[in-house]
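Student: I would like to go through the aromatic rings of this model. Please take me through the contacts one at a time.

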Amino acid sequence: MDYMARALRLAENALGWCSPNPAVGAVLVRDDEIVGEGRTQRPGEAHAEVMALREAGERAVGATLYVTLEPCSHYGRTPPCTDALIAAGVREVYAAMSDPSPWVNGKGAAALRDAGIPVMLGTGAAEAEKLNEAYFYWVRTRCPLVSLKYAMTVDGKIATRTGASFWVTGIEARRHVARLRSQVDAVMVGVGTIEVDDPQLTARPGELGMTEPDPAHQPLRVVLDSGLRINTDARVVSGSLPGRTIICTTNRAPEARIAELQQRGADVEVLPAIDGRVDVCAALSRLGEREVTSVLAECGGTLGWSLMKAGAVDKVLAFVAPKLVGGSEAMSPIEGEGLPRMDAAWELQDPTWTPMGRDVLLEAYVGKAS
């Protein structure tokens, strides 16, 4: 069995639940048998290594640990994992990669080696780094990693000229998005999307026939609404949905409207404005302060352009469906004034194309516009 691959699968199941901690999976093996395994729990609860040790009990003595990230050696919300591993008598450790956060950064591996426990790094490193890319980005910048997600037809339309957008893609792509929502910290839209679609912005894999071992993690719902024109009957502020909603607005918002929405359970953040609209960089900075490490922007073309223009998008997730709708007034994923020249376009880096039923997913990172 590929024990590191098993640890990576466990880590993926921790995404969303464990933030702002990294998603880590751990597998303890003795005599070619898994004796304990675990994944990172909610903040303040046990890390993956401790969960694996609890399951293994006395069988941890002389066991080999396969873990997706270097064990921590500092006191945070929980005691150091290195102390627990040393006390349990673990024989050796295979870690996919070192933890680049300044409070670990090799100190965990050094503590284990000082205790006579060999530490080998590198197996599964690429997969482990991608799995926690949002955490690593947040550690460096204190801002969340932003993924701009949209579904469009082959002719680049996210909706028809009448605004109809259900459904651009098929069930396989929609299942993938349901999983993505359960793995990110926040989902972001503009108030225009609320007005047109009245979305729930929740993770509902069960509605798409997906089985989950646990209830789905619910992301924070973030709505950018510069004048606070959101309808109080909108589902995201109805108080009937799991999770929380935060509305980012400006000083144009009437105090009475702020109070009304707060009474309905929404958080309201008054932020700086640029050209009368919420400064998207200020919004992302505030989310970073709230320990939001990842944002899935499922917005329309207006906010999509604002995010791109501000240099706030790190990653693009574009679902392309084999459909044509046409129409000069049909909506596209990134609108605004656009760039003036093709040689000034944003270059997408490291693109991958993944079939999703009849659709295809383009996943790529955003380079700098010229």
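**Ring contacts**

Tutor: The model is predicted. In it, the charged end of Arg142 is placed over the ring of Trp138, 4.1 Å from the ring's centre.

Student: Which ring does Arg174 lie over?

Tutor: Arg174 is 4.5 Å from the ring centre in question. A charge counts as over a ring if CZ of Arg is within 6 Å of the centre and within 35 degrees of the ring normal. The ring whose face Arg174 covers is that of Trp167.

Student: How many aromatic pairs does the structure hold?

Tutor: Rings pair if their centres lie within 6.5 Å. By that cut-off the number of aromatic pairs is five.

Student: What kind of pair do Phe166 and Trp167 form?

Tutor: Their centres are 4.8 Å apart, with 75° between the planes. Planes over 60 degrees apart count as edge-to-face. The pair of Phe166 and Trp167 is therefore edge-to-face.

Student: Is Phe166 buried or exposed?

Tutor: The relative accessibility of Phe166 is 55%. Exposed means over 50%, so Phe166 counts as exposed.

Student: How many residues apart are Trp305 and Trp346?

Tutor: The ring centres of Trp305 and Trp346 are 6.0 Å apart and the planes stand at 75°, so this pair is edge-to-face. Trp305 belongs to helix 11 (residues 301-309), while Trp346 is in the loop between strand 14 (315-321) and strand 15 (348-356). The pair thus links distant parts of the chain, and the separation is 41 residues.

Student: Is Trp305 buried or exposed?

Tutor: Buried means under 20% relative accessible area. Trp305 has 8%, so Trp305 is buried.

Note on methods. Residues numbered from 1 in each chain as written. Predicted model: local features only at pLDDT ≥ 70, side-chain atom pairs only at ≥ 80, totals over all residues. Heavy atoms only, no water. Phe/Tyr/Trp six-rings, centres within 6.5 Å; stacked < 30°, edge-to-face > 60°. Buried < 20%, exposed > 50% of the residue type's maximum accessible area, 1.4 Å probe, protein only. Helix = DSSP H or I, 4+ residues; strand = E, 2+ residues; numbered from the N terminus.
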